[in-house]
Amino acid sequence: MTSSVPGLISWTIILVSIATFVARIILLFRRPTTFSLTASQDNTSHTERLVTYALGYGILAAVFREGDTQNFLADHVGVTVGFTRQLGTTMIVMAFVPFALLVAAWATPRDSARWTMEKPAWVAGYLSVPLMLVFGTHARSLGQYIDRTEGWQTVAYFSVFSAWCAAVGGPLVYVSVRDLVGGNLRGKHIATYLVILFAGAWTTEEAISILTSSVFAATGSGTSFVEFRFAANENNFVYILGLGAIIAIIRPIYLLLEMADLDPAARAIRKLRPLRDDLVAVCKNDIPGLDEKYHAAAGSGRKEALQRMTVEIRDCLLVLGRFATPIREHADPAMASALQVAGALDHKRSGGAPGDYIRLHAADRDRDLIEEVRALNKVASRWEQAKQSVISTHA
């Protein structure tokens, strides 16, 4: 293919994609020095590598599809335009390989099965490139686009391409439908799965329609459908690459935020620390080793430290439940909860006698760490005001 997208647009997308690729190489292809690696971080690193490989092959495909590149290689290297066109399509196939591995890892719960299929998948991808170029020889000898060339070679060429396309699209549809039907998903997760379902359905449709178009082209029939597919193939890839680059840059941006202590976990830790420190200072004698656990968790990463911090806050709230009074009516429920906690803390600190256990409103268990942090952040944001109010009342 030769891209029909205006050069200014296509080369801008390609250059942005290259910048994203370089950023991922610099930021992701290195061992962290601040935090130790955990098993989950190892898996994430491998996943990020596959995404980077896919982006790299996608960039090569887009570059080879540009008319400027094709003419330059023909004039200065001696590579025919037809060969470069087909080489661009084979790079799309190579971009499918890491995507297929990512989808397989997502669909397969067993780690051993993931690693068993990785090497064969890459070997199959590398073999697909020369195989497609061999099948494309007939079209190149005629000086034609293979998309419009009659002969069995056209069907064979696009059978390889469609097989890789389906290897990505089919499992995406299966996994997204499986997890959507399973239920118990939060709203944003449902939206994510619907997007994945759309991507999988679109990729599957592409596999079917491209193979169908190749059959029509090979037999000299269905000219209108062949031309429709031809125009779509010319236009859409560089925009798909641009969308992929936008998604791929998210992780490097997040890492830069981590380095600047501006990531969500770091901000949550800063916000919760005054609340956590006040609670631990009063309750640490009731919970052996409480004050050391957060600092130990901090060596594993910010998310681990944040999770440990929320656990410590919850532990302290359980202790303070015997020093609490029922929550008071207040226009701001979060302020009412903060006042309840501050009152229980002041009662325990001043040597008050424990009473019957009252479950503090702030100790209600939420569904996951994200919602738990969100709930505690509401209390933490009102913590200083609640402390001052309780101190004034006590005085």
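Q: Why is glutamate 312 called buried?
A: In this predicted model, its relative accessible area is 0%. Buried means under 20%, exposed over 50%, and partly exposed in between (1.4 Å probe, protein chains only), so glutamate 312 counts as buried.

Q: What can be said about how the model is read and numbered?
A: Residues count from 1 along each chain as its sequence is written, and side-chain values use heavy atoms, leaving out hydrogens and water. As the model is predicted, local features need pLDDT of at least 70 and side-chain atom pairs count only at pLDDT 80 or more, while totals for chains, interfaces and linings use all residues.

Q: What makes glutamate 312 and arginine 308 a salt bridge?
A: Their closest N and O atoms are 3.7 Å apart. The rule asks for a side-chain nitrogen of Lys or Arg within 4 Å of a carboxyl oxygen of Asp or Glu, so this pair passes. Both residues lie in helix 13 (residues 302-320), 4 residues apart, about one turn of the helix; a helix here is a DSSP run of H or I, at least four residues, numbered from the N terminus. Salt bridges with shared partners also join Arg276, Asp277, Arg308, Glu312 and Asp315 into one network.

Q: How do you know that lysine 348 is buried or exposed?
A: Lysine 348 has 17% relative accessibility, so it lands in the buried class. The N to O distance between them is 3.0 Å.

Q: Why does the pair of glutamate 227 and arginine 148 tie together parts of the chain?
A: The two side chains meet in a salt bridge at 2.9 Å, N to O. Glutamate 227 sits in helix 9 and arginine 148 in the loop between helix 6 (137-142) and helix 7, so the pair links parts 79 residues apart in sequence. Glutamate 227, at 33%, is partly exposed, and arginine 148, at 38%, is too.

Q: Which residues touch the most other members of the largest nonpolar core?
A: Met91, Phe96, Trp122, Phe161 and Trp164 do, out of 45 residues. A core is a set of buried Ala, Val, Leu, Ile, Met, Phe, Trp, Tyr and Cys residues joined through side-chain atoms within 4.5 Å. Helix 4 gives the most to this core, with 12 residues.

Technical notes:
Helix = DSSP H or I, 4+ residues; strand = E, 2+ residues; numbered from the N terminus.
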